[in-house]
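Thanks for coming. Please have a look at it first.

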Amino acid sequence: MTAFMWASFGLIACFVPLVFVLLFGREIDGVVALELCGTLTTLVLICLAQAFGRTAYFTLPVISATTTVVGGLVFARFFGRVL
Amino acid sequence: MTTQDLLVDVLLAVGVAAQLLCSIGVAVMHSVFDRLHYAAAATTVGPFLILAALLIRVGLTTQGLEAIAAIGVLFLANPLVVNATARAARRMDYGGVDALPEEKGS
C-alpha cells in the first residue's frame, strides 16, 4: 500500500458528509455537494493513477475536471431558470 | 524512508485533511452561500498540496503534466461554477440577483 493509495482512501471518505447533503439538503445544496464530489473524484483518480503506476490512467482526471466544470455550469443554469 | 518520502506523505496527509475539512464544512453549514465557500476552497489548497506531492514523486513527466492540467482546470474554472451556482441560488431565494433595498448602502 503506497501513500497515494492511502490518500485515495482518505479522499473517498470525504464523500460521506456530502451524501448527507445530497439526501437531506435542498436541491441547490445538492448541486454544491455535487460540485465538490467532482473535485474529489478528480483528486481520487490522480492518486489512484499514481498508486497503480499506470501512465494511461492520468488522462481520466483531466476528463473528470472538465466534465465537473461543464456539469456544474449546466446544473446552475438549469436551477437558475427552472426552479 | 527518505526525506522525499516523508515530504510526500506530509503533503498528501495535509492535502487530504484540507479536503476533509471542506467536505465537513459543506455538510454542516446551513445556507447555500456558506456551503459554496467551502466548495470553492476545495479547489485551492488541497489539490495543490496533492499536486506538489505528485510532482515530487514523478517530476515533470507525462503524469505530472496531466495532473497539472487537471488541477489547473479545476482551479481556473471552478470560480465560474461557484459564481453561476450562487447566482442561481440567489435567483431561487430572492427572485433575482439585484440587491434588496435593505442590502443597498446609504
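I start with Ala52(B), which sits in helix α3 of chain B. Helices here are DSSP runs of H or I with at least four residues, strands are runs of E with at least two, and both are numbered from the N terminus. Before going on, the conventions: this is a predicted model, in which local features need pLDDT of at least 70 and side-chain atom pairs count only at pLDDT 80 or more, while totals for chains, interfaces and linings use all residues. Residues are numbered from 1 along each chain as its sequence is written, and chains are lettered from A and ligands numbered from 1 in the order in which they are written.

Along the chain, Ala52(B) and Leu7(B) are 45 residues apart, and their C-alpha atoms are separated by 9.7 Å.

Now chain B as a whole. It has 4 helices and 0 strands, in the order α-α-α-α along the sequence. Along the principal axes, the C-alpha atoms of chain B fill a box of roughly 60 × 25 × 25 Å. Of its 106 residues, 37% count as buried.

Within chain B, the axes of α2(B) and α4(B) come within 10 Å and cross at roughly 175°. Axes are lines fitted to C-alpha atoms, for helices over the stretch in contact, and angles run from 0 to 180 degrees between N-to-C directions. α2(B) is therefore roughly antiparallel to α4(B); that word applies over 145 degrees, roughly parallel under 35, roughly perpendicular from 65 to 115, and oblique to the rest. On the α2(B) side the residues include Phe33(B) and Leu36(B), and those they meet in α4(B) include Pro79(B) and Val82(B). Contact means C-beta atoms, placed from the backbone, within 7 Å.

Next, the two chains together. How many residues of chain B are in contact with chain A? The count is 40 residues of chain B against 39 residues of chain A. α4(B) gives the most to that side of chain B, with 19 residues. By class, the side has 27 nonpolar, 7 polar and 6 charged residues, where Ala, Val, Leu, Ile, Met, Phe, Trp, Tyr, Cys and Pro are nonpolar, Asp, Glu, Lys and Arg charged, and the others, Gly among them, polar.

One helix pair between the chains is α1(A) with α1(B), packed at about 5° with axes 9 Å apart, so they are roughly parallel. Among the residues making this contact are Phe4(A) and Leu11(A) on one helix and Leu12(B) and Val16(B) on the other.

Last, the buried residues of α1(A): Ala3(A), Phe4(A), Ala7(A), Ser8(A) and Leu11(A). They lie on the same side of α1(A), because they cover an arc of only 140° around the axis, taken from the directions from the helix axis to the C-beta atoms. These residues pack against α3 of chain A, together with α1 and α3 of chain B.

Key. A residue is buried if 20 or more other C-beta atoms lie within 10 Å of its own, exposed if 12 or fewer, and partly exposed in between; C-beta atoms are placed from the backbone. Two residues are in contact if their C-beta atoms, placed from the backbone, lie within 7 Å.
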